[in-house]
Amino acid sequence: MMKPMRKELRGARALAREIQSMNVDFADYGVRVDPTWYCVNDAKSDSQGKFFANMQDEAREVYGDRLLPGLKNAVVVAEAFDAQEPLPIWAPKSDSMRIIREITDRIGFLEK
């Protein structure tokens, strides 16, 4: 999970390179890991500027199908947290839950 900022995109690339170098170190043991999914926390609104949208577009170019749908900061999430209720119970039909369902489907958790 990363913010739509250049520093986070660079950090995700650096982390992926580090994981790949670990594959070399542990190849003799039959261990292999791959960074599989990336997710960008979307800009809150259009007023945050074109920069955030550009960073999200850059992440899409770099990660392609490995980039999960973007999560937005939403009041409903804070409300559920404050009420100490799971989001699927607090707001099952919210846009936040729709996006979370898309993400879980993509990463292989199809059963709800």
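Guide: R60 has a relative accessible area of 43%, so R60 is partly exposed: buried means under 20% relative accessible area, exposed over 50%, and partly exposed in between, with a 1.4 Å probe and protein chains only. Please keep in mind that this is a predicted model, where local features need pLDDT of at least 70, side-chain atom pairs count only at pLDDT 80 or more, and totals for chains, interfaces and linings use all residues. Residues are numbered from 1 along each chain as its sequence is written, and side-chain values use heavy atoms, leaving out hydrogens and water.

Visitor: What makes D57 and R60 a salt bridge?
Guide: Their closest N and O atoms are 2.8 Å apart, and the term asks for a side-chain nitrogen of Lys or Arg within 4 Å of a carboxyl oxygen of Asp or Glu, so the pair qualifies. D57 and R60 both lie in helix α2, three residues apart, about one turn of the helix; helices are DSSP runs of H or I with at least four residues, numbered from the N terminus.

Visitor: Why does D57 count as partly exposed?
Guide: Its relative accessibility is 37%, so D57 belongs in the partly exposed class.

Visitor: How do you know that E58 and R6 meet in a salt bridge?
Guide: Their side chains come to 3.0 Å, N to O. E58 lies in helix α2 (residues 50-63) and R6 in helix α1 (residues 6-26), so this pair ties together parts 52 residues apart in sequence. The whole structure holds six salt bridges.

Visitor: Why is the pair of F26 and Y29 called tilted?
Guide: Rings of Phe, Tyr and Trp (its six-membered ring) pair if their centres lie within 6.5 Å; planes under 30 degrees apart count as stacked, over 60 as edge-to-face and the rest as tilted. By this rule there are three aromatic pairs. The centres of F26 and Y29 are 6.3 Å apart and their planes stand at 50°, so the label is tilted.

Visitor: What makes Y29 exposed or buried?
Guide: With 64% relative accessibility, Y29 counts as exposed, whereas F26, at 38%, counts as partly exposed.

Visitor: And what makes the pair of F51 and F52 edge-to-face?
Guide: There the angle between the planes is 75°, with 5.9 Å centre to centre, and the pair is edge-to-face. F51 has 39% relative accessibility, so F51 counts as partly exposed.

Methods:
Helix = DSSP H or I, 4+ residues; strand = E, 2+ residues; numbered from the N terminus.
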